[in-house]
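Visitor: I would like to go through this structure with you. Could you take me through it step by step?

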There are 2 protein chains.
Amino acid sequence: MEKITSQQNPKVKKIISLRKKNHRDENDLFIIEGYREILSAIDNGFSLESLFICPEFFLKDNEPKLIKKVIHKKTPVFELPPNIFSKISYRDRPDGLLAIAPQKHLCLKDLEKLIAKKKDFFCVVAEGIEKPGNLGTILRSCDAAGALFLIVCDRCTDIFNPNVVRASVGTLFTVPVIETTKKELFPFLEKQNIKLCAATPSAKEVFTKVDLTKKVALAMGCEQYGLSDEFMDKSSIKIKIPMMGKADSLNVASATTLMLYEALRQRQS
Amino acid sequence: MEKITSQQNPKVKKIISLRKKNHRDENDLFIIEGYREILSAIDNGFSLESLFICPEFFLKDNEPKLIKKVIHKKTPVFELPPNIFSKISYRDRPDGLLAIAPQKHLCLKDLEKLIAKKKDFFCVVAEGIEKPGNLGTILRSCDAAGALFLIVCDRCTDIFNPNVVRASVGTLFTVPVIETTKKELFPFLEKQNIKLCAATPSAKEVFTKVDLTKKVALAMGCEQYGLSDEFMDKSSIKIKIPMMGKADSLNVASATTLMLYEALRQRQS
C-alpha cells in the first residue's frame with residue numbers, strides 16, 4: 001500500500017477535479033465516498049479504479065475486510081493522513097474511505113433481458129430533475145419499493161454527481177439507471193408495452209384510485225414546471241396527488257416515493 | 001428606502017452572523033430568503049424585522065407588491081447592490097429578496113385550541129432528525145397531506161436553520177411547529193387521547209393495513225438509529241414500510257411522506 005504525504009500529489013488533485021462534471025466526463029470516472037457506498041458498488045459489480053483510505057477516520061472494525069476485498073481484486077490502495085483526506089472528502093465527517101470508479105453506461109437495449117424476466121413490473125422515468133440530492137433520494141426509494149429500473153430522460157443532472165451518490169446511499173449501484181432521450185424512450189416503451197403514467201396536478205383521478213398493476217412507467221417532472229407536453233401527450237394514465245395544504249406542492253422525491261409505494265401496495269393487496 | 005453600499009455595514013454583518021445557531025438564539029431572529037418564502041411568512045402572520053432587496057435579481061413583476069405590503073407594515077426595507085446581496089444570500093441564484101424575522105415559539109399548550117376544533121386528525125412527531133433539509137421536506141409533506149401540526153421532540157436540528165426554511169419552501173409558516181421534550185410530550189398525548197404510532201422495521205404489520213383513522217401522531221426517528229426505546233414503549237401502534245430492495249432503508253422525509261399520505265388515504269376512502 002502506497003502512502004501519499006503531499007497535497008500536491010497528482011492523485012489528490014485528480015480526485016478533487018472529479019467534483020466537476022467536465023472532468024468526470026473527460027475521464028469517464030466518478031467518486032464513491034463512504035463504507036456503505038463503496039461496499040454496495042463492489043457487491044453490485046462495479047469495479048474500482050483506486051481506493052483512498054485514512055485509518056484515523058475509520059468508524060468501526062469492518063474496514064480492513066473491505067480493503068482486503070479491494071486489494072484482492074488488484075485495485076491500488078493509497079493511505080492518506082487526516083489533513084489530506086479531509087481535502088478529498090466531500091463530507092463533514094469523513095469515514096476514511098473514498099474510491100474512484102469507472103462510470104457505467106447502460107442503454108435501453110440493456111433492459112430487454114431484465115424486462116423479459118419480469119411480469120407487470122413498475123419503474124420510474126424522471127424528466128428534468130434538477131437537484132442531485134433529489135435524484136439520489138429517488139434512487140433510494142426505487143430500491144426500497146422494488147422498481148425494476150430508473151430512466152433519466154433528457155438529463156439535466158449528472159447521475160455521477162457526488163451528491164447523487166451520497167443521497168442514494170449506495171442504491172445507485174443496486175438500481176439499473178439508464179440515461180436516454182424522449183426520442184428513444186417513447187418507441188421503446190410502446191414496443192415493450194409499458195404504460196406511461198403522468199403525475200400531474202391537472203389529472204382528475206387520485207393516485208390511490210387508479211389501476212397501476214400493469215407494466216407501468218411512473219413519469220415525474222421537475223418541481224417548477226412539471227412534465228413536458230410530449231410526456232403528457234404520451235401518458236395514457238394521468239394521476240394526481242391530493243394537496244390539502246396552502247403550499248400546493250411536494251418535494252419531487254417525496255412525490256415519486258408516494259407513486260412507487262402505491263404501485264407496490266396495489267401489487268401486494 | 002435606505003441604500004446599503006458597503007459590505008462592512010453592520011446590517012450586512014448581522015445577516016451573515018444569523019447563519020450560525022448561537023447568533024440566531026442570542027438575537028431570537030432568523031433569515032427568510034426568497035419571494036415565495038417571505039410571502040408565505042407574511043400571509044401566515046409572521047412579522048418581519050427588516051427586508052433586504054436587490055431589484056437587479058428580481059425574477060418577475062410581483063416583487064414591488066410584496067415590498068409595498070412590507071413598507072405598509074412599517075418594516076424597514078434596505079436596497080443592496082448585486083455584489084453585496086450575493087454575500088448575504090444563501091442561494092446559488094438569489095431572487096433579490098431576503099428578510100430577517102423574529103423567531104416564533106409555540107408550546108404544546110398552544111395546540112389545545114387547534115385540537116379542540118378538529119376530529120380525528122393526524123400529526124407528526126419527529127425525534128432526532130439530523131439534517132435540516134429533511135426537516136424542511138417533512139414540513140412540506142405535512143402541509144401537503146394536511147397534518148395538523150409537527151412536533152420536534154428533543155431537537156437536534158434548529159427549526160430556524162436556513163436550510164429548513166429553504167427546503168420547506170414556506171411551509172414552516174403554514175404548519176404549526178412545536179419544540180418540546182419527551183417528558184412533556186408523552187403526558188400531553190395521553191391527555192389529548194392521541195395515539196402514538198411508531199414506524200419501525202421491527203413491526204409486524206405493513207403501514208397500509210393498520211387503522212390510522214383515529215387521532216394519531218406519526219412518530220419518525222433518525223435514519224441511523226430509529227426511534228428511542230421510550231418512544232417505542234409509548235407507541236400503541238407499530239407499523240413498518242415494506243423494503244423490497246437491497247439497501248433496506250428510505251430517506252426519513254420519504255418515509256414520513258408515505259405515513260402522512262396513508263393517514264390521508266384512509267380518511268378519504
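The conversation below turns to the chains, their contact, the domains and the core.

Guide: Please note at the outset that this is a predicted model.

Visitor: What rotation superposes chain A on chain B?

Guide: A rotation of 180 degrees, with 0.0 Å of shift along its axis, places chain A on chain B at an RMSD of 0.0 Å. That is the relation of a two-fold axis.

Visitor: Which residue of chain A comes closest to the rotation axis?

Guide: Ser254(A) does, with its C-alpha at 2.6 Å from the axis.

Visitor: And how many residues are in contact between the chains?

Guide: On the chain A side there are 27 residues, in contact with 27 residues of chain B. Helices α7 (132-145) and α11 (252-268) of chain A each supply at least two residues of that side. The most come from α11(A), which gives seven residues.

Visitor: What is the make-up of that side, in nonpolar, polar and charged residues?

Guide: The side of chain A that touches chain B divides into twelve nonpolar, eleven polar and four charged residues. Furthermore, 100% of the interface residues of chain A are also interface residues in chain B, so the copies meet through the same surface.

Visitor: Back to that last helix, in chain B this time. How many residues has α11, and what is its reach?

Guide: Helix α11 of chain B, residues 252-268, has 17 residues and reaches 24 Å from its first C-alpha to its last, close to the 24 Å expected.

Visitor: Why is α11(B) described as largely enclosed?

Guide: Because 14 of its 17 residues are buried, α11(B) is largely enclosed by the rest of the structure.

Visitor: Changing topic: which domains does chain A have?

Guide: The domain assignment gives domain 1 (2-102) and domain 2 (108-268) in chain A. Their centres, taken over C-alpha atoms, are separated by 31 Å. The contact takes 13 residues from domain 1 of chain A and nine residues from domain 2 of chain A.

Visitor: Which element gives the most on the domain 1 side?

Guide: That is α3(A), with four residues. The elements of chain A giving two or more residues to that side are α2 (21-27), β2 (29-33) and α3 (35-43). The residues of that side divide into six nonpolar, two polar and five charged.

Visitor: Finally, the largest nonpolar core. Which residues touch the most other members?

Guide: Of its 160 residues, they are Leu150(A), Leu218(A), Leu150(B) and Leu218(B).

Visitor: What does Leu218(A) touch?

Guide: Not counting residues up to four places away in sequence, Leu218(A) touches Phe122(A), Val124(A), Cys197(A), Ala199(A), Met259(A), Leu260(A) and Ala263(A).

How values were computed. Residues numbered from 1 in each chain as written. Chains lettered and ligands numbered in written order. Predicted model: local features only at pLDDT ≥ 70, side-chain atom pairs only at ≥ 80, totals over all residues. Core = buried A, V, L, I, M, F, W, Y, C linked by C-beta atoms within 7 Å. Buried ≥ 20, exposed ≤ 12 C-beta atoms within 10 Å, placed from the backbone. Contact = placed C-beta atoms within 7 Å. Nonpolar A, V, L, I, M, F, W, Y, C, P; charged D, E, K, R; others polar. Expected span 1.5 Å × (residues − 1). Domains from an automatic or database assignment. Least-squares fit on C-alpha atoms with pLDDT ≥ 70 in both.
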